[in-house]
Each structure stands twice: as C-alpha cells, then as structure tokens.
Amino acid sequence: MAKSGTTTQGLRAAIERSGYYPALVAEAVEAAVGGEAVSSYVVHQETTFDANEVRRHVTVLVLTPHRFVVSHTDEQAADTSSPTPYATTSTESVKLDRISSVVVSRVVANPESYTPGTLPREVVLTIGWGAVSRIDLEPAACGDPNCDADHGYTGNATADDLSLRVSDAGDGPDTVRQTLAFAQALSEAIAATAAPTR
C-alpha cells in the first residue's frame with residue numbers, strides 16, 4: 001500500500017493506514033523530519049516470501065523543503081539473537097543538494113498504442129546520493145578471438161542508494177500515480193535547490 005500527500009497529518013494517517021507497526025514507524029519518521037514541513041511523501045508496504053517465511057517491510061519517503069528522508073522498517077522472526085520477534089527501523093536524512101540522481105523507470109504495455117497520460121503498469125524509482133554505490137566489473141576483451149593478452153577490466157559504477165518498485169497489479173493504480181507524483185516533486189525540489197540565486 002502506498003499513499004502520497006503533502007501534510008504532516010496526512011503522513012501520519014498514511015502510516016497508520018498501512019497497518020505496519022504504525023506507532024514505531026511514525027515515531028521514527030517524525031523524529032527524522034523534526035519540525036520541517038512535509039512537501040510530499042510516499043508510504044509503501046511490501047510483503048515478500050522468503051523460503052517458508054512471509055516477511056513484511058515498509059518504506060516511507062518524505063520530502064521537506066530542505067531534505068529527503070527515507071525510513072525503512074523490517075520485521076524479523078525470533079532467532080539466536082532474540083527469543084521474540086523484533087523489528088528494525090532505520091532513517092536517513094539527505095540534504096537535497098546531495099542527491100545526484102532521480103531515475104524513474106516506467107514499464108508500459110503495448111507501447112505502439114501508448115497514449116500520453118496513461119499510467120505505466122510498473123514504476124521503479126531509484127534515488128542516488130552517494131551513500132551506496134555498486135560496481136559491476138568484468139574482464140575486458142578485444143575483437144581478436146586468438147588474443148590471450150590481459151586487457152584489464154571494464155565495468156560500471158552505479159549509485160544505488162534506494163530503489164522502490166511499485167506495480168499496478170501488485171499495488172494498484174493509485175500507488176503508481178503517487179510514486180510518480182513523489183518523483184516529480186523530488187526532481188522539482190532538487191532543480192530548485194540547484195538553480196542559481198539572483
């Protein structure tokens with residue numbers, strides 16, 4: 001379930017509607033946001049299946065006039081470190097001028113007949129600010145099949161701090177729409193931050 005909006009009260013209500021440890025999630029998010037106004041937010045709960053276990057987690061994205069706040073809460077079954085089930089909540093606050101990329105990937109059906117304004121069936125929102133980078137390397141080669149020289153490595157470095165995937169089938173059209181609205185609000189806020197002042 002994802003909800004998007006623009007008020008602190010709306011954010012709290014969306015967290016409560018998600019039904020996923022709302023008191024715990026709300027306290028962590030509200031502490032991270034502090035006294036700043038909420039410009040936009042998304043609350044996304046996801047259920048995954050891991051072997052024989054059903055696991056849930058919730059991600060909350062909040063945009064304030066100066067920061068991007070991300071909170072993630074996972075639940076864990078009892079294990080050797082804890083005799084009872086437990087949850088882990090983390091928050092990170094990022095100044096808007098630190099965000100280096102906002103990538104929105106859209107998956108559309110029947111692209112040959114696409115009409116502007118039609119919602120994608122899936123959206124992946126990836127936000128990078130340099131906290132986590134992934135490097136994919138592979139041996140470099142030349143075009144000569146008989147060459148056995150060492151050509152070093154080639155690869156890509158990708159900022160991959162946060163990736164949120166929502167789909168029409170799994171989350172509903174409102175979730176897709178809300179994720180796109182949040183991505184647009186975040187992109188506009190970053191652009192405004194980067195614009196030279198006169």
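Reader: Why does Asn-110 count as partly exposed?

Author: This is a predicted model, and the value is computed from it. Asn-110 has 48% relative accessibility.

Reader: Where does Asn-110 lie, and what is its phi?

Author: Asn-110 sits in the loop between β6 and β7. Its phi is near 50°. That is a positive value in a residue other than glycine.

Reader: Why does Tyr-21 count as partly exposed?

Author: Tyr-21 comes to 35% relative accessibility. Buried would need a value under 20%, and exposed one over 50%. So Tyr-21 counts as partly exposed.

Reader: How do you know how α1 and α2 are oriented to each other?

Author: Helix α1 spans residues 8–18 and helix α2 residues 22–33. They pack at an angle of about 150°. Angles over 145 degrees count as roughly antiparallel. The two helices are therefore roughly antiparallel to each other.

Reader: What else describes the packing of α1 and α2?

Author: Their axes are 9 Å apart. The crossing of α1 and α2 is right-handed.

Reader: Which residues of α1 and α2 meet?

Author: From α1 come Leu-11, Arg-12, Ile-15 and Glu-16. From α2 come Pro-22, Val-25, Ala-26, Val-29 and Glu-30. By class, this contact has six nonpolar, no polar and three charged residues.

Reader: What makes β6 and β7 a pair?

Author: Two strands pair if there are at least two bridges between them. β6 and β7 have seven bridges, in the antiparallel sense.

Reader: Which sheet holds β6 and β7?

Author: An open sheet of three strands, in the order β6-β7-β10. The pairing is antiparallel. From one strand to the next, the twist averages 10°.

Reader: What makes β6 and β10 edge strands?

Author: Each pairs on one side only. β6 runs over 101–107 and β10 over 162–167.

Reader: What ties Ser-105 to β7?

Author: Ser-105 has its place in strand β6. Its bridge partner in β7 is Val-124. Leaving aside neighbours within four places in sequence, Ser-105 is in contact with Glu-122, Val-123 and Val-124. The C-alpha atoms of Ser-105 and Val-123 are separated by 5.6 Å, although these residues are 18 apart along the chain.

Reader: Why does Ser-105 count as partly exposed?

Author: Ser-105 has 35% relative accessibility. The cut-offs are under 20% for buried and over 50% for exposed. Ser-105 therefore counts as partly exposed.

Reader: How many helices and strands does the protein have, and in what order do the elements run?

Author: The secondary structure comes to four helices and ten strands. From the N terminus on, the order is β-α-α-β-β-β-β-β-β-β-β-β-α-α.

Reader: What percentage of the residues count as buried?

Author: 32% of the 198 residues count as buried.

Reader: What share of the contacts with a separation of 6 or more joins residues 24 or more positions apart?

Author: Such residues account for 61% of those contacts.

Conventions. Residues are numbered from 1 along each chain as its sequence is written. This is a predicted model: local features need pLDDT of at least 70, side-chain atom pairs count only at pLDDT 80 or more; totals for chains, interfaces and linings use all residues. Side-chain values use heavy atoms; hydrogens and water are left out. Axes are lines fitted to C-alpha atoms, for helices over the stretch in contact, and angles run from 0 to 180 degrees between N-to-C directions. Buried means under 20% relative accessible area, exposed over 50%, partly exposed in between (1.4 Å probe, protein chains only). Contact means heavy atoms within 4.5 Å. Angles under 35 degrees count as roughly parallel, over 145 as roughly antiparallel, 65 to 115 as roughly perpendicular and the rest as oblique. A crossing is left-handed if the near helix is turned anticlockwise from the far one by less than a right angle, and right-handed if clockwise. Ala, Val, Leu, Ile, Met, Phe, Trp, Tyr, Cys and Pro count as nonpolar, Asp, Glu, Lys and Arg as charged, and the others, Gly among them, as polar.
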